[in-house]
Amino acid sequence: SYGCWPSSWPRAFGRLGAGTKWAMAEDNINFRLIFANDTSSNQIHFGSGRTVKELKAHIMEQCWPATLTAVENVDRIRLFAGGKELGGRGNEDVKTLKEVKLSGGSPGVPTPVHVSPVLKSSDPAPEKETAKPSQCQCMCAIL
C-alpha cells in the first residue's frame, strides 16, 4: 500500500545515516509533496510503474491537506518536478513515472514535487466562434 506522511516523519525517528536505505522496493520513488500557497508538505512513495494519473488521484484522495481548498472544488492538479511538468492533459497523464524520466536526486532524498491545484470554474465555458471573417479587418503595416 502507498501512504502519505508528514515531511517531519523521518526526523521523528532520528536521522538516516549515509549508508541507510529506505525499506521499500527499488521500483518505488520517494516524493516530497509541496503544496502551492500552503505550508503543508507530505512525503509519499509510489511505484515507478504506476501512471502520473494514478499519482494525481492518490494525492487528491489520500494526501490532500485540510488547509487547502476542498478537493471537491478542484478541477485537476498540476505536478512539477525538476523544472518540468509531470503529465499534463490527455495522453501525458497515462505515462508511467519511469517514462517521465524524473531528474534523479540524491539516493535516500525525496524528489521535491510541487502540487498546484486548478480550481473548478463557476462560469460556464464560453462558446467558440465558428464563423471566420472573410477578410482581415486590421490595419497593420510592415515597415
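User: What share of the contacts in the protein chain with a separation of 6 or more comes from residues 24 or more positions apart?

Analyst: This is a predicted model, and the values that follow are computed from it. Contact here means heavy atoms within 4.5 Å. Among the contacts with a separation of 6 or more, the share from residues 24 or more positions apart is 66%.

User: In which order do helices and strands follow each other along the sequence?

Analyst: The protein chain has 3 helices and 6 strands. Read along the sequence, their pattern is β-α-β-β-α-β-β-α-β.

User: What percentage of the residues of the protein chain count as buried?

Analyst: A residue is buried when its relative accessible area is under 20%. The protein chain exposes about 10,200 Å², of which carbon and sulfur atoms supply 52%. Of its 143 residues, the buried share is 32%.

User: Which residues of helix α2 are buried?

Analyst: Helix α2 covers residues 52–62. Its buried residues pack against β2 (28–35), β3 (41–47), β4 (74–81), β5 (84–86), α3 (97–100) and β6 (111–119). The buried residues themselves are V52, L55, K56, H58, I59 and M60.

User: Which residues touch the most other members of the largest nonpolar core?

Analyst: The largest nonpolar core has 23 residues. The elements that give two or more residues to this core are β2, β3, α2, β4, α3 and β6. The residues that touch the most other members are F31, L33, I59 and W64.

User: Is W64 buried or exposed?

Analyst: Leaving out residues up to four places away in sequence, W64 touches F35, I59, T69, A70, V71, V74, I77, V115 and P117. The relative accessible area of W64 is 15%. The limit for a buried residue is under 20%, so W64 is buried.

User: How are the rings of F35 and W64 arranged?

Analyst: The structure holds 1 aromatic pair. The ring centres of F35 and W64 are 5.9 Å apart and their planes stand at 80°. Planes over 60 degrees apart count as edge-to-face, so the F35 and W64 pair is edge-to-face.

User: How many residues apart in sequence are the parts that the F35 and W64 pair ties together?

Analyst: F35 is buried, at 2% relative accessibility. F35 belongs to strand β2, whereas W64 sits in the loop between α2 and β4. The pair therefore ties together parts whose separation in sequence is 29 residues.

User: Which residues does L86 contact, leaving aside its neighbours within four places in sequence?

Analyst: L86 lies in strand β5 and is buried, with a relative accessible area of 0%. The C-alpha atoms of L86 and V100 are separated by 6.8 Å, although the two are 14 residues apart along the chain. With those sequence neighbours left aside, the contacts of L86 are V52, K56, L79, A81, D93, V100, L102 and V113.

User: How many residues apart in sequence are the parts tied together by K56 and D93?

Analyst: K56 and D93 form a salt bridge, with the closest N and O atoms 3.0 Å apart. Both residues are buried. K56 lies in helix α2 and D93 in the loop between β5 and α3, so this pair ties together parts with a sequence separation of 37 residues.

User: What is the N to O distance in the salt bridge of R50 and E54?

Analyst: The whole structure has 4 salt bridges. R50 is partly exposed at 26% relative accessible area, and E54 is partly exposed at 35%. Their side chains meet with an N to O distance of 3.5 Å.

User: Which residue does E92 meet in a salt bridge?

Analyst: E92 is partly exposed, with a relative accessible area of 36%. The side chains meet at 3.3 Å, N to O, and the partner is K95.

User: Where does S48 lie?

Analyst: S48 is buried, with a relative accessible area of 7%. Not counting residues up to four places away in sequence, S48 touches D27, N28, I29, T96, L97 and K98. Its place is the loop between β3 and α2.

Notes:
Residues numbered from 1 in each chain as written. Predicted model: local features only at pLDDT ≥ 70, side-chain atom pairs only at ≥ 80, totals over all residues. Heavy atoms only, no water. Buried < 20%, exposed > 50% of the residue type's maximum accessible area, 1.4 Å probe, protein only. Helix = DSSP H or I, 4+ residues; strand = E, 2+ residues; numbered from the N terminus. Core = buried A, V, L, I, M, F, W, Y, C linked by side-chain atoms within 4.5 Å. Phe/Tyr/Trp six-rings, centres within 6.5 Å; stacked < 30°, edge-to-face > 60°. Areas by Shrake-Rupley, 256 points an atom, 1.4 Å probe, with all protein chains shown as cover.
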